[in-house]
Amino acid sequence: MPVLLPAALIAVIAVVSLAVTSRRADADATPAEQRARLHLRRSRRVALLAGGLTGVVTILSIGSFGQGWLVAPSLGAALAALVVLVGERTAPTEAGARRTASLETRSPSRVVRPVTWLLLGAGCAALAGLVTWSAVVASSDDEGRAGRAVEWMTADGSQSHTPWPGSFYAWPLSASLVVMLACIGGALVAAARRVQANADARSALDDAALRRESVAFVMRAALLALAVTLAGVSLVIGSATAVLAAGSPMWSSAMHWVARGALLVALATALGAIRPVAAKNVGENGAMESGR
């Protein structure tokens with residue numbers, strides 16, 4: 001089925017992009033940077049494991065007609081980001097009577113490339129619009145569960161389909177996405193504002209690289225979770241509206257093609273995760289001295 005191709009590509013991209021982490025050789029790193037790098041890499045490994053386990057546990061524990069499958073990606077990415085946040089806050093630093101630090105203001109808006117923000121925003125907007133539209137046209141299923149089915153009249157009578165991403169799925173999905181975005185934001189702030197590993201900024205050759213690795217991991221997790229969720233919702237809507245009988249309402253046909261377009265947005269979001277996502281100038285400019 002043609003619409004399954006973007007979903008298959010997203011799955012392959014997810015495996016490849018999270019398995020490969022940008023790394024620099026330790027040869028030029030100071031002892032403080034080597035300790036920080038080891039700590040942060042271990043944190044990311046724990047984050048990857050914790051995120052995966054969270055997804056599995058979510059699917060097994062929230063088995064209400066597929067709700068667990070829908071919220072698992074975002075909850076997994078949220079916990080992974082929390083582990084990275086803790087790792088950044090507990091990273092070792094070099095002790096010194098006097099420290100010098102970069103004059104550059106580090107904030108989440110500056111540690112991520114603009115195109116990455118654009119992809120994240122486009123994915124969120126596409127998912128929000130699609131879920132809102134599907135919730136508006138949703139109806140109750142045969143067991144009376146509101147927002148889990150869709151029904152419309154045709155020339156031959158009524159046509160219905162379930163599952164359908166109406167309010168039954170929209171509320172838990174929205175909550176999980178809010179949690180994910182909050183955790184992602186917290187992890188980015190922690191990575192951007194982490195105290196540099198070296199006491200002397202002039203020796204901090206790899207400190208910016210350490211920040212970029214953490215930022216890249218967090219943003220890739222967010223982009224992939226968003227892409228997988230958007231692809232899943234799009235496939236459900238596309239499947240429900242794939243066979244339209246004569247006399248079906250125009251919105252059902254329009255929604256079918258919008259869902260197919262959303263698959264392309266999901267694919268673009270996933271592809272964005274394999275490109276550089278962190279800004280290159282994270283904490284690299286200028287220095288100032290401070291007493292301790």
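Among contacts (heavy atoms within 4.5 Å) between residues at least 6 apart in the sequence of the protein, 80% join residues at least 24 apart. The structure is a predicted model, in which local features need pLDDT of at least 70 and side-chain atom pairs count only at pLDDT 80 or more, while totals for chains, interfaces and linings use all residues. Residues are numbered from 1 along each chain as its sequence is written, and side-chain values use heavy atoms, with hydrogens and water left out. The average pLDDT, the predictor's confidence in each residue on a scale from 0 to 100, is 79 for the protein, and 76% of the residues score at least 70. Over residues 283–292 pLDDT stays under 50, and for this stretch the model has 33 contacts beyond four places in sequence.

The secondary structure comprises 8 helices and 5 strands, assigned as DSSP runs (helices H or I, at least four residues; strands E, at least two) and numbered from the N terminus. Along the sequence these elements follow the pattern α-α-α-β-α-α-β-β-β-α-α-α-β. Of the 292 residues, 47% count as buried, where buried means under 20% relative accessible area, exposed over 50% and partly exposed in between (1.4 Å probe, protein chains only).

Helix H7 covers residues 207–240, and its end C-alpha atoms lie 50 Å apart, in agreement with the 50 Å that its 34 residues should span at 1.5 Å a residue; the expected span is 1.5 Å times one less than the number of residues. Because 28 of its 34 residues are buried, H7 is largely enclosed by the rest of the structure. Ser214 is located in helix H7 and, at 1% relative accessibility, counts as buried. Beyond its neighbours within four places in sequence, Ser214 is in contact with Leu40, Arg44, Val84, Glu88 and Ala191. Ser214 and Gly87, although 127 residues apart in sequence, are 9.5 Å apart in space, C-alpha to C-alpha.

The axes of helix H5 (residues 114–137) and helix H8 (residues 250–272) come within 10 Å and cross at roughly 155 degrees, which makes H5 roughly antiparallel to H8. Here axes are lines fitted to C-alpha atoms, for helices over the stretch in contact, with angles running from 0 to 180 degrees between N-to-C directions; angles under 35 degrees count as roughly parallel, over 145 as roughly antiparallel, 65 to 115 as roughly perpendicular and the rest as oblique. Residues of H5 that meet H8 include Leu119, Ala122, Leu130 and Trp133, and those of H8 that meet H5 include Trp251, Met255, Val258 and Thr269.
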